[in-house]
Amino acid sequence: MKQVGVIGGGLGGLASACVLAARGYEVIVFERNEWFGGKAAVIQSDGFRFDMGPTILTLPGVLQRIFSEVGLPVGSVLDLVRLDPQWRSFFEDGSTLDLMADTDAMALKLAAFTRGADTSEGYRRFMRLSERLHRISDDYFFWRPVGALRDMFDARGAFQLSILRDVLAMRPGRSVAGTVRGHIPDPRVAQMVDHFTQYVGSAPDMSPAVLCSIGHMQTGEGVWYPMGGTRAVPLALTKLAESLGVEFRCNSRVERILTSRGAVDGVRLEGGETVKFDAVVSNSDSVRTHRELLGGSPARAFERRRRYEPACSGVVLYLGLKHRYDHLLHHNFVFSRDPEEEFHAIYSKGEPAPDPTCYVCAPSGTESAVAPPGGEALYVLVHTPYLRPSHDWSRMLPEYRRIILEKLKRTAGMEDIESRIVFEQALTPADIDRRYHVLNGAIYGLVSHGRFLGAFKPGNRSPDVRGLYLAGGAAHPGPGMPMVLMSGWIAADALDQDARRWRSRGAPVRLEHGIAP
Ligand SMILES: Cc1cc2nc3c(=O)[nH]c(=O)nc-3n(C[C@H](O)[C@H](O)[C@H](O)COP(=O)(O)OP(=O)(O)OC[C@H]3O[C@@H](n4cnc5c(N)ncnc54)[C@H](O)[C@@H]3O)c2cc1C
């Protein structure tokens, strides 16, 4: 197995390409858009620069592991700046609270914020649980091609008492929201901590308690900003891949994964060109990969395995301001008046929340080059339901924009925001669907709902087609920059391990463009 095709040049596909090329494979990346990086795209206009998609970078250790494949320290390719406080929270009652990385410092802050010890102590206990869940995720869930519960423990041999303890610590059957509230009595602080599940576009009361691990993943390794914006990440990966000989083909849509006798044979591009491969990594949404690029019995087997529901979508306003707001941090959350009402609208009713939480990114304090002097490249993200047939965002956007701006004026002290706007662009769920070819405009792949098995996503090694591997937000271990980068690494590593196994068993290994020796 030597020639590998990668379908999609999102962060997951780029990570796979780097790892495979570093391990000696010949790799071609096909991307239907004219840029690489997928959702990690950029808008540059009128002196402003906006990261279009991800803005919060956590777990830089994942990036380090990818660059380690070629012995490079991540600091030599990316200028990463640590942000602490990590974000500022604005609540409907007018109060504000900064999230600090250090648990002791945060607990002190919470004692003053809530005028009592309960929430402060509860936060400490919650963070201890979060740390344990993070460690369990590291031990059983991360860096391996998990597709189901049994994949977490198989490789470990006999079932030990310590494993049973870890399984129970994962609180099977309990939700994130229930666990958070069991520790943190103050409703504002609970709302802030609940919000970690928004990294996976899922409702806290429907997501499994193990996702409380996200809190420690963020506070433990910190929140980072790559100078040049998050766009610097795909640029660094593309540069590394190119230096390793990866061929990049943009404006190249794969319309079919070709198979023969249950194994990958190559891909067919729009326009009819076919390219033979020994293996394929699909960074296209895993559900669409099966429905659109495979079809037939592999797609039927995939659909039988579970029900696939998209995670949430979102609306982003990119607002070029002539004057920045000095009371904003780099990352800010302007919280809804009622999280239950908000999550019920988005995740149960499938309607935009009437009073949404707005995530506001104001990066000019960290990197002044994002805007003309004194200005701001303000990014406002509001989570919305994934696209339903009744949603016509060309009609819905003007009213929702008004609701978002009203929220910022009322809750985040930005009363004069309209008079400061000199540039504006928007991204709607319909745009996300069209630009990134995802399931129903989902930002974060598949939803993590289900109190027992909600964290599981389709595994990275296809059980249905030999030589097919999955990487990206709709594959294990899930969405978000660090997780999709890890999924790209896992897909590449699984492919590499399979190739070594087949070679050592003397199985026919196709070496040159599908010709068996
Ligand atoms: C608005 C927004 C805000 C976000 N904020 C954050 C954040 O702050 N922090 C964070 O960690 N994450 C965030 N995310 C999530 C994060 O961006 C994604 O999880 C991650 O970038 C997805 O990477 P991916 O590998 O799944 O690929 P994608 O970015 O989905 O890219 C897949 C690529 O495959 C291509 N493709 C699909 N089908 C084909 C085909 N048939 N042929 C050729 N090419 C194909 C697509 O064109 C696309 O370029 C955000 C996302 C969005 C949209």
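Predicted model: local features only at pLDDT ≥ 70, side-chain atom pairs only at ≥ 80, totals over all residues.

Reader: Which helix supplies the largest share of the shell around the ligand?

Author: Among the residues around the ligand, which number 37, those that come nearest are G8, G10, G12, G38 and G472. At least two residues of the shell are supplied by each of helix 1 (11-22), strand 15 (313-321), helix 16 (429-436) and helix 17 (481-504). The largest share, 3 residues, comes from helix 1.

Reader: How many residues of the shell around the ligand are charged?

Author: Sorted by class, the shell around the ligand has 17 nonpolar residues and 16 polar residues, and the number of charged residues is 4.

Reader: Where are helix 4 and helix 9 in contact, and are they roughly parallel or roughly perpendicular?

Author: The axes of helix 4 (residues 118-141) and helix 9 (residues 213-221) come within 7 Å and cross at roughly 90°. An angle of 65 to 115 degrees counts as roughly perpendicular, and therefore helix 4 is described as roughly perpendicular to helix 9. On the side of helix 4 the contact is made by M127, S130, E131, L133, H134 and S137, and on the side of helix 9 by S213, G215, H216, M217, T219 and G220. In orientation, then, the two helices are roughly perpendicular.

Reader: How many polar residues does the contact of helix 4 with helix 9 have?

Author: The contact of helix 4 with helix 9 has 3 nonpolar residues and 1 charged residue, while the number of polar residues is 8.

Reader: Why are the buried residues of helix 13 said to be on the same side, and what arc do they cover?

Author: The buried residues of helix 13 (residues 339-349) are P339, E342, F343, A345, I346 and Y347. They are placed on the same side of helix 13 because the arc that they cover around the axis is only 160°.

Reader: Which exposed residues does helix 13 carry on the face turned away from its buried side?

Author: The buried residues of helix 13 are covered by elements that include helix 8 (187-194) and strand 18 (376-384). Just after helix 13, G350 takes a positive phi of about 70°. On the face of helix 13 turned away from the buried side, the exposed residues are S348 and K349.

Reader: What omega does the cis peptide bond from H476 to P477 have?

Author: P477 is found in the loop between strand 20 (468-470) and helix 17. The peptide bond from H476 to P477 is cis, and its omega is near 0°.

Reader: Is N440 buried or exposed?

Author: N440 has its place in the loop between helix 16 and strand 20, and it has a positive phi of about 50° although it is not a glycine. Since 20 other C-beta atoms lie within 10 Å of N440, this residue is buried.

Reader: How far apart in space are V189 and Y123?

Author: V189 has its place in helix 8 and is buried, with 26 other C-beta atoms within 10 Å. Not counting residues up to four places away in sequence, V189 touches L110, T114, T119, Y123 and I184. V189 and Y123 are 66 residues apart in sequence, and from C-alpha to C-alpha their separation in space is 8.9 Å.

Reader: Which residues is F456 in contact with, leaving aside its neighbours within four places in sequence?

Author: F456, in the loop between helix 16 and strand 20, counts as buried, with 22 C-beta neighbours inside 10 Å. Its C-alpha atom and that of A475, 19 residues apart along the chain, are separated by 8.7 Å. Leaving aside neighbours within four places in sequence, F456 is in contact with G147 and A148.

Key:
Residues numbered from 1 in each chain as written. Axes fitted to C-alpha atoms, helices over the stretch in contact; angles between N-to-C directions. Helix = DSSP H or I, 4+ residues; strand = E, 2+ residues; numbered from the N terminus. Parallel < 35°, antiparallel > 145°, perpendicular 65-115°, else oblique. Contact = placed C-beta atoms within 7 Å. Nonpolar A, V, L, I, M, F, W, Y, C, P; charged D, E, K, R; others polar. Buried ≥ 20, exposed ≤ 12 C-beta atoms within 10 Å, placed from the backbone. Arc of directions from axis to C-beta. Near = placed C-beta within 6 Å.
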